[in-house]
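Please examine the sequence and the three-dimensional model shown below. The paragraphs that follow lead through its sheet and then its helices.

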Amino acid sequence: MSNLRGGLIGCGYFARNHLHAWQETSGASIVALCDLDASRAQGYAEEFGIEAVYSDADEMLRDESLDFVDIITHPDSHRPLVELAARHRVHVICQKPLAPSLEDARAMVAACRAAGVTFMVHENFRWRAPMRAAKEAAGGLGKLFFGRIYWRTAFEVYSRQPYLAEDPRFIIYDVGVHLLDLARFFMGEVEQLYCQIQRVNPKLKGEDVATIVLKMASGATCLVELSYASKLEEELFPQVLVELEAADGSVSLGPDFRLAVVTRDGVTCRTAGPHIFPWASAPNEATQESVVRIQQHWVECLREGREPETSGDDNLRTIELVFGAYESAETGVPYQVTATRCGSCAKEPRP
Ligand SMILES: NC(=O)c1ccc[n+]([C@@H]2O[C@H](COP(=O)([O-])OP(=O)(O)OC[C@H]3O[C@@H](n4cnc5c(N)ncnc54)[C@H](O)[C@@H]3O)[C@@H](O)[C@H]2O)c1
């Protein structure tokens, strides 16, 4: 079977990880690059040995015979680019956060469904090796009743992603989306949430601390904590720590991927770290490996005609939690989740 042909749109900071990961992925190759700033696309083209370079995505989609596009631009441009790909009947991967509003996100899912193209959100945190290991370990422990998923750091992220300091919606929109998705990954769907936000660093436009309490449909409680203002003894960026408590035991993913599992038989501990690729750069190894894993999953889904785990439709449930968290923080009251509705019409309950 010949390799699937992909075009990559948006050649900025994170695209480098996608490009390295595509080189590790079997069954697909990136054959064309596009960025509004052609010099960025040209730079990656030389580094990764890709011949075709464009500054206009429509032109790339017209000229190249592509099976899919991989969109790595900021969320404001996601909807027009996804709809463009759907018009060209090309399968689409789109980076998180999916869109700046739930209305846009639903329209994107509907456009892909109408065009019959597969749509995956590049929600990679659930593909990190330690997350997969924690989920597997929790599987044998009975019904989960409590979860805590947390990101507490003082890492100066603004030098590599300066746009984050300018966005009036910061930590929930950019990182919270990953942790809210992890809450769904570990504990199922959310029924209601309550959120408080703070801005500790006065130089930022948006919130840099958020605390979200999730009432899960199962009856469990899950706490999602986010902070870029936490000057702690150990700086763990970009690690996500997890605690899961179930009827028959618990799982804890601690610093440096230490996975402790408590069962009726006792306690076992091991390190559940990622595979480290030669191109990986500390401290991002787990993120970088997860990019390879999600892209390999994408290729397998396209080949086998399967829906990706983080399809656009699935991700509507995650992105609603993001906007719900902001609404709760603004109003001071819990947000009732409605994402049990159909992505294409936003009215009918999903089966
Ligand atoms: N999953 C993760 O761990 C992770 C980490 C970092 C960033 N991201 C996500 O990746 C996306 C990009 O972030 P970044 O830090 O790489 O941004 P960036 O600003 O470094 O790069 C974005 C690039 O997109 C280009 N672009 C914008 N609109 C375009 C268009 N219409 N056509 C072609 N090119 C266009 C810009 O010129 C720029 O080069 C964001 O959605 C961000 O949230 C994800």
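Which residue of E13 stands opposite Ser250? In this predicted model, the residue facing Ser250 is Val262. The strands concerned are E12 (residues 249-254) and E13 (residues 258-263), which run antiparallel and are joined by five bridges.

This pair belongs to an open sheet of nine strands with mixed pairing, arranged in the order E14-E13-E12-E11-E7-E10-E9-E8-E15. Strands E14 (266-271) and E15 (335-336) stand at the edges with a single partner strand each, so one side of each has no neighbour in the sheet. Helix H6 (residues 129-138) packs on the sheet, where it touches E7, E11, E12, E13 and E14. The direction of H6 makes about 170 degrees with that of E12. Helix H9 (residues 312-331), in turn, lies across E8, E9 and E15, and runs at about 55 degrees to E8.

Contacts between helices come next. The axes of H4 (residues 78-87) and H5 (residues 102-115) come within 9 Å and cross at roughly 5 degrees. Angles under 35 degrees count as roughly parallel, and H4 and H5 are therefore described as roughly parallel to each other. On H4 the contact is made by His78, Arg79, Val82, Glu83 and Ala86, and on H5 by Asp104, Ala107, Met108, Ala111, Cys112 and Ala115. Seven of these contact residues are nonpolar, one is polar and three are charged.

Helix H7 (residues 171-187) bends by about 45 degrees at Val177. H7 is mostly covered, with 17 of its 17 residues buried. Gly188 follows H7 and has a positive phi, near 90 degrees.

Notes
Residues are numbered from 1 along each chain as its sequence is written. This is a predicted model: local features need pLDDT of at least 70, side-chain atom pairs count only at pLDDT 80 or more; totals for chains, interfaces and linings use all residues. Side-chain values use heavy atoms; hydrogens and water are left out. The bend at a residue is the angle between axes fitted to the seven residues ending there and the seven starting there. Helices (H or I, at least four residues) and strands (E, at least two) are DSSP runs, numbered from the N terminus. Buried means under 20% relative accessible area, exposed over 50%, partly exposed in between (1.4 Å probe, protein chains only). Axes are lines fitted to C-alpha atoms, for helices over the stretch in contact, and angles run from 0 to 180 degrees between N-to-C directions. Angles under 35 degrees count as roughly parallel, over 145 as roughly antiparallel, 65 to 115 as roughly perpendicular and the rest as oblique. Contact means heavy atoms within 4.5 Å. Ala, Val, Leu, Ile, Met, Phe, Trp, Tyr, Cys and Pro count as nonpolar, Asp, Glu, Lys and Arg as charged, and the others, Gly among them, as polar. Two strands pair if DSSP finds at least two bridges between them.
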